[in-house]
Amino acid sequence: MRPTAKFSISFGLVTIPVAAYNATDTSASVSFVRIHTADGGRVRNQPVCSLEGTEVSPDEIGRGYRPHDADVVVPLSDEDLDALPLPTAKTLTILAFVAGGDIDPLQMGKGYYLATDSPAAAKPYVLLREAMERHERVGLGKIALHGRETLAMIRPMGDALVMQVLLWPHQIRPMDGVLPEREVEVHPNEVAAAETLMDSYGELSEEDLHDHYREALEELVSAKLAHREPEFDTGEEQPSGGQVMDLMAALQDSVRAAKRSRGEDDGDEGDEGRAAAKRPAKKAAAKTSTAAGTKTATKAGAKSGTKTASGAATKSAAKKSTAAKSATKKTAAKTTAKKKTASRGSRRAG
C-alpha cells in the first residue's frame, strides 16, 4: 500500500514525520457505468471546451478559480499555487486537544492511517498516542492535502494514530426545514418503551455487516451471463411501512419481534415493558386501588364485626355454662350435707 501524502505532526517542540495511508476502500462499493440502451455501448464523459466545442486532451487541462462575486474564471498554474504562503503544506500543527465527543460527526470525512516515516519518529509517535489515550483527548489541527487546506483530527486507534479529515464549520448546512412543523409531545412511558426496544436489539452480528445488496447484484449478473434465473436469499419478511396508529402497541410488538428473531421467549416482555405499559393508567390505577382498599376495608370490617359478635356470644355462653356448673356443684354439695346429717341422726336414735 502506497502512502497518499507525507508530512510532519507538530506537537509543541516535538516533530513526528508520518506517512498517511488511505484507511477506506471505496472500490469495493457497488458502482455502475453508463451505457447506450440501444446497443450496450459505454457512454463516457468527454472533456470538451465550452468555447470551441472540441475535445481537449489531458495535457491541455489546467485549473481555474471562479470568485463568488464575479462571473469570470481566473486561470491558476502550479507555480501560482506552490507560491501560496501555506504553512500547513508539509506540517500538521496541533492547535488544541479536546474530548472526542465534542466533534460533530457531520464534520468527519475521510480517514487515514498514520505511520512513522523514520526510525527517529517511533518514540514521539508512541508518546503522543499513549498521552491522548490516557488523557481521553483528540488533537485538532490543520493540514493541506491535495492542494487544499483542511481541518484534521488526530486520535489513537489501537496501537496506531489515525487522522480524520474534518469539514469546515461553514460547510455544515443549517437545519432549516428539517424539524417537524409542529411541536410533538412524547410521554415518558413511550420513551421507556422505546428504551426497552433499544435494549432488545442486542449487538451487531457478523451477518449484519455483510453487503447483501452487492451479493445480490453479483448473483443477478452471474445469472444473466449464464442465462438462468437468479437465486436470491430473501431472508426474513420485511415489516410493512404503513402508518403507525398506536405508537405504544407498535413499540411493544417490535420488542416481541426482536426477541423472536433471536430465538428468545417473547411471552414475557420483562418488568420494564410491563411497567411502561402500566404507566399511562396511573390515575385509573390509583382510583382502582382506592376502591379496592375500600372494599377490602369493608370486608375486613364485616369479618371483624362477625368475629367480635361471635366472640361475644361465645363468651356469654361460656359464662352461662360456668354459672350452671357452679350451681350444680352447690346443689350437689347441699344434698350430700343433708344425707350426712340424716345418717348421723339415725345412728343416734338407734
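Reader: In which elements of the chain is confidence lowest and highest?

Author: This is a predicted model, and the mean pLDDT of its chain is 76, with 72% of residues reaching 70 or more. Over residues 269–350 pLDDT stays under 50, and the model has 17 contacts beyond four places in sequence for them. Where pLDDT is low, the predicted coordinates should not be read in detail. Confidence is lowest in helix α7 (residues 282–349), at a mean of 44, and highest in β9, at 95.

Reader: Which residues have the most contacts inside the largest nonpolar core?

Author: The largest nonpolar core has 21 residues. Among the elements that give two or more residues to this core are β1 (5–11), β5 (91–98), α2 (122–135) and β8 (148–157). Those with the most contacts inside the core are Phe 7, Ile 9, Leu 92, Leu 114, Leu 145, Ile 154 and Met 163.

Reader: With which residues is Ile 154 in contact, leaving aside its neighbours within four places in sequence?

Author: Ile 154 is one of the residues with the most contacts inside the core. Leaving aside its neighbours within four places in sequence, its contacts are Ile 9, Leu 92, Leu 114, Met 132, Val 138, Gly 139, Leu 161, Val 162 and Met 163.

Reader: Within what arc do the buried residues of α5 fall?

Author: The 15 residues of helix α5 (residues 247–261) should span 21 Å at 1.5 Å a residue, and the end C-alpha atoms are 21 Å apart, in agreement. The buried residues of α5 are Met 248, Leu 251, Val 255, Ala 258 and Lys 259. Seen down the axis of α5, these buried residues line one face of the helix, because they fall within an arc of 100°.

Reader: Does Gln 107 count as buried or exposed, and where does Gln 107 lie?

Author: Gln 107 lies in the loop between β5 and β6. Leaving aside neighbours within four places in sequence, its contacts include Leu 151, Val 165, Trp 168 and Ile 172.

Reader: What is the geometry of the pair formed by the rings of Phe 11 and Phe 97?

Author: The count comes to one aromatic pair. Phe 11 lies in strand β1 and Phe 97 in strand β5, so the pair ties together parts that are 86 residues apart in sequence. The ring centres are 5.7 Å apart and the planes are at 75°, over the cut-off of 60 degrees, so the pair is edge-to-face.

Key
Residues numbered from 1 in each chain as written. Predicted model: local features only at pLDDT ≥ 70, side-chain atom pairs only at ≥ 80, totals over all residues. Heavy atoms only, no water. Core = buried A, V, L, I, M, F, W, Y, C linked by side-chain atoms within 4.5 Å. Buried < 20%, exposed > 50% of the residue type's maximum accessible area, 1.4 Å probe, protein only. Helix = DSSP H or I, 4+ residues; strand = E, 2+ residues; numbered from the N terminus. Contact = heavy atoms within 4.5 Å. pLDDT = per-residue confidence, 0-100. Expected span 1.5 Å × (residues − 1). Arc of directions from axis to C-beta. Phe/Tyr/Trp six-rings, centres within 6.5 Å; stacked < 30°, edge-to-face > 60°.
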